Structure formats: structure tokens, C-alpha cells
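The sequence and the model are shown here.

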Amino acid sequence: MRSLKELMDLKKRTAIITGAAGNVGFALAESLAELGANIVLLDINKEQGQAKAEDIKNTHKVETLFLPVDLENEKEITEVPEIVINKFGSIDILINCAALLATSGLEGWAVPFEKQKVDSWRRALEVNLTSVFLLTQGCRQYLIDSGHGSIVNIGSIYGVGGPDLRLYEGVENLGNPAAYAASKGGLLQFTRWLATVLAPSVRVNSISPGGVFRKHEDPFLSRYIERTPLKRMAKEEDLKGAVAFLASDLSLYVTGQNLMVDGGWSAW
């Protein structure tokens, strides 16, 4: 029987993380690097993505690769698996984290439903859901060949339950786009679909975080805290253990599951 330390060891494995230049994506990438994995960072932000790759390489002494990828560009997405294989020889872990968020600033986005725009709806589905389909499809055989393939999709509490719009009353620049909820709900169902289709060779799970603190102010912040049993918003560190568990052999008999990391938000 292997020890816990052995089960979480990711040395000689390669992990792809989308949205890795963002706060959450970078935290997930760092978590897997701490366990020894080679890290491939995908992000549209070239300058920040390259800097994050260098940071991980220097801090954790693992091999890294940054790929500037627009997740609304099918050609760029489909080229990723071969590039990774040519450099590292395997794809063992895929973390689909990138998303257009409620704060992405699109036109007709974080506004009342009757003012939301179909163009923003389409873009959100393209980034939050279609890109996951394309990248997973491209990595499929390599994950199977890995012998311990694991996919972790990053969902949201708003892919599980409806929004409490009372949180947003009188609050500027915050809202709850329909497309975000629909795409995250679709992502969770796609997780379950993949879990049975790719079994037994590849495990597929998801993590649904609660709202992550971004210098939110009252009245939104106090309302959110009051609504949450653990009385705070999430921080990036809260997700490190979850992704380490699902990406590594610690969860070898876990697939098709959605792990709520929401401070108890969904327990009411």
C-alpha cells in the first residue's frame, strides 16, 4: 500500500492548466508544481503568462511551458496537445480553469437579464464550455495513454444553484450573467458525461468554488458573508488541496464528482 506522500507525488507527470495567468489558474498551477508536475500554462495574456511560467519554474524547480492561446480560436486550441507532447512526451492532467467571469466587462454582460446581449452569451459559451470540449477531445488519447489521466474542470456555485439577486441590489459593476451560469452548469454535466465515456482510463471531476474575494466592498461583501456558513469569501489557497486531491492518485477511485469548495454556501 502506497503512503499518502507517494499517492500525491506528480513527478514525471505533465499538467495543462487553462487561464493559468489568472489568480485562480495560477494557484492551481502552483499546487501541481509543488507536487512535482511539469506545468503547461495556457492564457491569452502573453506577458503575464510568460512571467507566471518563469515564476513557477524558478520557485518549484519544475519544467514549464507557456502557450499564448485564445480560447475563442479553434485552431490555436487544437494545436496545443501536439506541442505539449513534443516537449514533454505525455499529457497526464488537464485543468480547465479559464472562463469569462461575471466581472469580465463585456457589453450586455453583468446587467439585468433583459439587457444582456446574445453576443456576450455566445462568447461565454465559446470560452467557458466549447474550448473545454475541444481541448479535452484533443488531449483524450494522450490522457488514456498516460495510465493515470485526470481531468479537473473548474465550475462554480452558480453552475449548481440559482443566484441570490439580493446580493447585488444597489451594487455597481457586479452582476450575475445568465451565460456564466448556463456555461458552468453545462460544464458540470459535461464532467459527468466525460467521466463515464472516458472510464476506466481517465478520471474526470470538477471543483465548484464559491465567490473568490477580489477587494469586494459593502454592501455586497457583508451580504455574501452573511449568506455563507463559514462567514467569508473564498481565497485561492482554499482550492489548492482540492485540485491536488483530484489531480493526483489520492483520488484514484473518484470520478464524475463535483467538489463544492464554497464555505457551505450550497449546504443551506
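The report below treats the aromatic pairs, then the cluster, then the charges over rings.

The model is a predicted one, and it holds 6 aromatic pairs. One of them joins Tyr 158 and Trp 265 in an edge-to-face arrangement, with the centres 6.4 Å apart and 85° between the planes. Tyr 158 belongs to the loop between strand S5 (149-154) and helix H6 (178-197), whereas Trp 265 lies in the segment after strand S7 (258-261), so this pair ties together parts that are 107 residues apart in sequence. Tyr 158 counts as buried because its relative accessibility is 10%, under the 20% cut-off, and Trp 265, at 6% relative accessibility, counts as buried as well.

Another pair is made by Tyr 168 and Phe 220, whose ring centres are 5.5 Å apart with the planes at 40°, so the pair is tilted. Here too distant parts of the chain are linked, since Tyr 168 sits in the loop between S5 and H6 and Phe 220 in helix H7 (residues 220-227), 52 residues apart. Both Tyr 168 and Phe 220 are buried.

Taken together, ring pairs join Tyr 158, Tyr 168, Phe 220, Tyr 224 and Trp 265 into a cluster.

| Charged residue | Ring | Distance from the ring centre |
|---|---|---|
| Lys 87 | Phe 88 | 5.3 Å |

Definitions and conventions: Residues are numbered from 1 along each chain as its sequence is written. This is a predicted model: local features need pLDDT of at least 70, side-chain atom pairs count only at pLDDT 80 or more; totals for chains, interfaces and linings use all residues. Side-chain values use heavy atoms; hydrogens and water are left out. Rings of Phe, Tyr and Trp (its six-membered ring) pair if their centres lie within 6.5 Å; planes under 30 degrees apart count as stacked, over 60 as edge-to-face and the rest as tilted. Helices (H or I, at least four residues) and strands (E, at least two) are DSSP runs, numbered from the N terminus. Buried means under 20% relative accessible area, exposed over 50%, partly exposed in between (1.4 Å probe, protein chains only). A charge sits over a ring if NZ of Lys or CZ of Arg is within 6 Å of the ring centre and within 35 degrees of the ring normal.
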